[in-house]
Amino acid sequence: MLAPDWIAKVDSLKEQNLYRSCKTFIKDGAKLIDSATNKKLINFSSNDYLALADDPDLKKSYQAAIEKYGCSSSSSPLVCGNLTIHSELEELLCSWQGFERALFFNSGFSANQALLFSLLNKDDLVVQDKLNHASLQEAAHLLTAKSKRFAHNDCEHLNSILEKNTTARQRLVISEGVFSMDGDLAPIAEISKICSKHQALFMLDDAHGCGILGADGAGSCKLAKIKPDILLITFGKAWGLNGAAILCSNDCAEYLTQKARHFIYSTAMAPAHAAAVKCALGIIQTQNWRRERLAQLSSLLASELSLNVPMIKTATPIKPIIVGSAKKALEIADFLYNKNILLSAIRPPTVAVNTARLRLTLNVAHSDAQIKYLARCLNQAFLKHGNLNV
Ligand SMILES: *Cc1c(COP(=O)(O)O)cnc(C)c1O
């Protein structure tokens, strides 16, 4: 039975331009066809930055692994779901990133929740960037531990929170390497220093940095020459797959193996999937041309856009165009949709009120012509709607 206020709540979201729904698409090569309208769309919203999701070598390796391992791990990792392929992948990731152990999860969301729920209790303190991902914010909210947030990328604020909160048994600081909705980098060298000074643990969520930053794609840590205590990487973005790994010390992994409920009580990552992640790792480490191509596309786009388009320049394939109101963001997304461009409006509560945006993402599979076409359409949209960032 539907509780009477459910639909009222949905209606109220519609009135505020905050209603969400899932479109169904038909895949057509790199393009998507909206099954409701038959519109064929160039995708500027995906997180598949390196275009690995459709990479022929990755697909072949995945298929071969299914032949070898079957389709499922058939149990949780602690029962009989952990195969040699998982250990091989663990070793490769650990030596690449300089950690002792890695634990696999089926999603970054569950990995973040598992980690926070198992590491922190009521005597602890978690301090995180205000713009951290929903999985981290929500976990902190649900915890009995004390939870504080520092202003986005504001090291002084972080430092003052740690100075004022000294009684906790354990203090955990969390930042993203690359912020998912803004595409900017966190000052992690500085954060890492502050954490050492205060003897706080530092966890980095590098969901959007790993695969993208650094010559071998190792991500934010290698670029900043630091090592956090705990590193989360996810395979659903640049890796073209899905799933996640928590990299940490042997002691931490031992502890999580006893306590992390999303690890213990969930079917392990399928072995064929682990094999595909291993193949993606090889591609990420060796095919720097993909990152070079993204940089080329970035400069091409920037050079084609008129000054009316308030796109923020970033060092990553994530290029936010912040327009403010949810209504404007939807209007522009619709305008682009009618021009066969999929560029979704991102609205509160995913981003802060009055910072609704178009989250434009680049992909190695985009052609120069597509980028030029996108720029022409954006120029037109913002000519029509004025400079919406003021
Ligand atoms: C996407 C994302 C996650 C969640 O990862 P999934 O594997 O998609 O569940 C966690 N943290 C950040 C920063 C993300 O961008």
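**View 1. Val 173 and its opposite number in the next strand.** In this predicted model, Val 173 sits opposite Phe 202 of strand E8. The two strands here are E7 (residues 171-176) and E8 (residues 201-205), and they run parallel, paired over 5 bridges.

**View 2. The whole sheet, strand by strand.** Read across, the order is E4-E10-E9-E8-E7-E5-E6: an open sheet of 7 strands with mixed pairing. Strands E4 (101-105) and E6 (146-150) have just a single partner strand each, so they form the edges and one side of each lacks a neighbour in the sheet. From one strand to the next, the twist averages 20°.

**View 3. Two helices against the strands.** Helix H7 (residues 155-164) packs on the sheet and touches E5 (125-129), E6 and E7. The direction of H7 makes about 155° with that of E6. Helix H8 (residues 188-198) lies across E7 and E8, and runs at about 155° to E8.

**View 4. Who does Phe 235 touch?** Leaving aside residues up to four places away in sequence, the contacts of Phe 235 include Leu 93, Phe 104, Met 269 and Val 277. Also among them is the run Gly 240, Leu 241, Asn 242, Gly 243, Ala 244 and Ala 245.

Terms used:
Residues are numbered from 1 along each chain as its sequence is written. This is a predicted model: local features need pLDDT of at least 70, side-chain atom pairs count only at pLDDT 80 or more; totals for chains, interfaces and linings use all residues. Side-chain values use heavy atoms; hydrogens and water are left out. Two strands pair if DSSP finds at least two bridges between them. Helices (H or I, at least four residues) and strands (E, at least two) are DSSP runs, numbered from the N terminus. Axes are lines fitted to C-alpha atoms, for helices over the stretch in contact, and angles run from 0 to 180 degrees between N-to-C directions. Contact means heavy atoms within 4.5 Å.
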